[in-house]
Amino acid sequence: MAQILIVDDSASMRNMVTATLQSAGHDVQNAGDGQAALTIAKSANFDAVVTDLNMPIMDGIELVKNLRALPTYKYTPILLLTTESSADKKTQGKQAGATGWLVKPFNPDKLLATVARVLN
Amino acid sequence: MAIDLEQFYEVFFEESLEGLDAMEQGLLAVSSADEADPEDINTIFRAAHSIKGGSSTFGFTAIAEFTHVLETLLDEARDGTRTLDTGAIDLLLQSSDCLRAMINALQAGNAIDTSASAPLVAAFEIMLASPNNSNDNTSVPAGPSKPATTSELSSNTHLDIVAASVDNLLSDGGDSNIDYPDDSGSTQWRISFKPEAQILLSGNEPLRLFRELAAMGELRTEANISNIPAFDQLTCDECYISWTLWLTADVSREDILEVFDWVIDECMLTIDLANTETVEQEKFVPLAAERSQPPAPEQPKPAAVPTAAPEKAIAAKKASESTAGSASIRVGIDKVDSLINLIGELVITQSMLSELGSNFDMDKLERLNSGLEQLQQNTRELQESVMRIRMLPISFAFNRFPRMIRDLSAQIGKKVELKLSGENTELDKTVMEQISDPMVHLVRNAIDHGMELPEKRLAAGKSETGTICLNAFHRGGSIVIEIIDDGNGLDAQLLYNKAVEKGIITAATELTEQEIFALIFAPGFSTAAVVSDISGRGVGMDVVRRNISALGGRIEIESKLGRGSTFRIHLPLTLAILDGQLVRVGSQVYVVPLVGIVESLQIKKELVNKVSGNMTLYRLREDNVPIIPIHQEFAIEADNTRLEDGLLVVVEGEGQKIGLLVDDLLSQQQVVIKSLKSNYKNIDGISGATILGDGSVSMILDIPGLIRRVSDRKSKQKKPAAQHHAA
Amino acid sequence: MDIQELAKTVPVEGEITLDGLDFISNGEEYLTFGLGEEHYGVDILCVNEIRSWELPTLIPNSPEYIKGVINIRGSIIPIIDLRIRFDVGEATYTESTVVIVLTIDSPELKRMMGFVVDAVSDVLNAQSSEITKAPLFGGIIPAEMIEGLINVGSNVVTILAIEQLLALEEDTDD
């Protein structure tokens, strides 16, 4: 169905999110940090990006800013994985150009529902 | 489709353990630095954060709750409102131990014991309640932060009634005041939605929002296109349309608000009951003043990360691997590529030989020979390359020492500094796993027995803080690991007396300094009056030496009284292949590991001496070396059973020498070690077998084993009286 | 001269494999062999191959019936002389002396061993009902190694229990 990029420095989260999205028929690629994600994003055309905030090398906010600077990702839905306690991160994320967020912890169904919101 | 989360648990456990290693390393780095490196703080924070995120996602609430407290403290450290002092670092280190135990418990399928974490949580809460030296003086004691919900977020926006814009909206909305008959059971809502021009640039699409609303019930939309500028001023990435929506659905206001939760500050939104005439006074005005312009395209930041941090993380990842003895190994892709290249060359050689083989005639003999030489080269390179795959840098084994030394020196009141060098020296993964515990024992020993108390050191003119160096390097076909301390060194006289006292040697025995030092490896030997808790717990030095021998290595000691000691471990680079000397005894060919061979010589009759109880000794310079006829030892036939003109292979193991009487010295070659255990069992005196070039099996001698066998026999012979009594 | 073709014509020493033998599905099949005047049999599914005798490498300080180890395709396989083990017949080594290589692959034990026998006989097809219990007394062979006896004409074939046959003393240590 859709091509989605998952970015999270935790392998278990990547696995879970990837498996969940794949089960709904999506094509998933993933990266462990913002820098790697940016590289992958440049070489493909994703329909949506789901990214964690706290990552080494390049964090989620930076990644959003850098993605928005790419012409192909001007309007691409970008979702941030946030925790309930990071209200300011949501604001920062929006200011950086993020589309929305998904609050951790989330279960697979919530993930699928949220991703469905941003896909055409 | 329901996803079973259990399939992700194991990865979560592994990465959490790695994260804890990274956390520990980061904490140690922060504690030893004058000023904490922000990257270290970030690494520590991320580790805790990841564990918290994963544990709550996968339902491990005990871990999630515990980690939450850590994260709160670390968050303060991250934003500068708290500096991590020794107390905080100790608490965090203890917590990481506690988390490790919890994760191990989960991995093993046991229940988590919260009795260890509860007091730590209490300690954190106390710490969090008292602000400490912060850079920003507006710090407020922050308890564990409370979750903020999206509705909280939106309700924090200003509830400004901007009459003018309301009028604007109403008049431009056109038919917005039309009432529609509502269905029974559901409510009719009227929504006016005026997105900001840049809404599309955040990836939000009004159409999708309407789709969500339409899924709730019946939706009717009306667009207001009056704000669309003239065509030549139109920019296609801006939204100039606003809408009025009528939704008939069995939903609450909050349900509708939720649909707009991401865009709440990028639009003007009103949600009213459709049959109300006036607009409700609540309105959501975008935080236009605070909202910054969409970020100008920035140059992607170069990955200017201090290389220390990722390396530490990588090293930490690998540390957990080596100590866990896992059945898998991470291999650098360069090693895999090298292997692929060599296989390619092998294939070329093979097809060349194959071609020579069809239509062969004697003219081609030389080409055949050079092809076979090529094959030999390819095989050797391939062998080296494959063995390299099993090799990891010794840093994995070294990594446990900073923490250990910190804890240990604090525990016994000595000041010890650790210096590491040669961390990148590579060795076989299994060898490293098995040398780790002996190394720990040697380091503990060095600190416990070798290192003086600070006062003593000062009195002796040394620096108060002692130094332990761990050093590793390659020499020949081996890896050498040195544990060097600048403590009080070994007292040969003391050791000698102790050994006599323990009956290990007699008072008349003459020993070289090296041999005296080697006494500390004798079973039952311990110079501490009270076996100290740290190093004496049943793991003696004899086990250390035995473990090293079992790996095909050896250990030597250098020491200067008052100055310090060096323990030097030699280990083979691989356990699969051995450099051996082939010897023949009768019809049998044996392999003697080269690492154990001192020298081979022709026996000179005058240097042979018979000593009490069937021991035949050979005088080799100042040593008396027991002669062991292999044919007797193994009950086989030999060509030469006399000692005169015999061939003696002098070997050494565990500090002792013996001479093996053989018939013939054959070639020296590398042999592949094959275990006898797969189809048979271990044999005394034999460490394995190999298949020679002619397809026959050859036994590999276990030199330390043979030496032990002989010395056991010697000690039994020394006490003939006791034997008679032992009925 | 094609070396590859030439190589194919060189007989491989003493190797006879059981590939190509049809296995009849009803009942069990046993490979029978002779030790001295006596007849023995083993479950044919455990027979890996039959080789001619070759001089093995000696194992130091091993019992007399363990002749040593040989190399079979890279594995080190111990060779046991059943004639010595069971004290039957004469342990001579001629061109017709044969080694039966047996394997066992169970969760408790995975092992391959070779057994020296005088000669290999026919494949015996028998139902498990035909196996009678061996008398507990009188024989040298440990009772646990015998699965039972089968009457074949006027002869008696002793069926050996593979797991016990391939066991070593260590395996029974607790």
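This is a predicted model: local features need pLDDT of at least 70, side-chain atom pairs count only at pLDDT 80 or more; totals for chains, interfaces and linings use all residues.
Begin by colouring chain A by confidence, where the average pLDDT is 90 and 100% of the residues score at least 70. Among the elements of this chain, helix H4 (residues 87-96) of chain A has the lowest mean pLDDT, at 86, while E1(A) has the highest, at 95.

Next, select helix H1 (residues 11-23) of chain A, whose 13 residues reach 18 Å from the first C-alpha to the last, close to the 18 Å expected at 1.5 Å a residue. Within H1(A), show the side chains of the buried residues, among them Met13(A), Met16(A), Val17(A) and Leu21(A). What covers the buried residues of H1(A)? Look for a cover that includes strands E1 (3-7), E2 (27-31) and E5 (100-104) and helix H5 (108-118) of chain A, together with helices H1 (9-32) and H2 (38-57) of chain B. Just after H1(A), pick out Gly25(A), which takes a positive phi of about 95 degrees.

Now turn to chain B and select Phe193(B) and Phe260(B), the residues with the most contacts inside the largest nonpolar core, which has 108 residues. Helix H4 (residues 86-107) of chain B gives the most to this core, contributing 10 residues. The core lies between domain 1 (8-129) and domain 2 (149-286) of chain B, because both of these domains give residues to it. Centre the view on Phe193(B) and, leaving aside its neighbours within four places in sequence, find its contacts, including Pro206(B), Phe210(B), Trp243(B), Phe260(B) and Met268(B).

Finally, select Val592(B), Leu35(C), Val117(C) and Ile162(C), which are included in a second, separate core of 60 residues.

Methods. Residues are numbered from 1 along each chain as its sequence is written. Chains are lettered from A and ligands numbered from 1 in the order in which they are written. Side-chain values use heavy atoms; hydrogens and water are left out. A nonpolar core is a set of buried Ala, Val, Leu, Ile, Met, Phe, Trp, Tyr and Cys residues joined through side-chain atoms within 4.5 Å. Buried means under 20% relative accessible area, exposed over 50%, partly exposed in between (1.4 Å probe, protein chains only). Helices (H or I, at least four residues) and strands (E, at least two) are DSSP runs, numbered from the N terminus. Domain bounds come from an automatic or database domain assignment. Contact means heavy atoms within 4.5 Å. The expected span of a helix is 1.5 Å times one less than its number of residues. pLDDT is the predictor's confidence in each residue, from 0 to 100.
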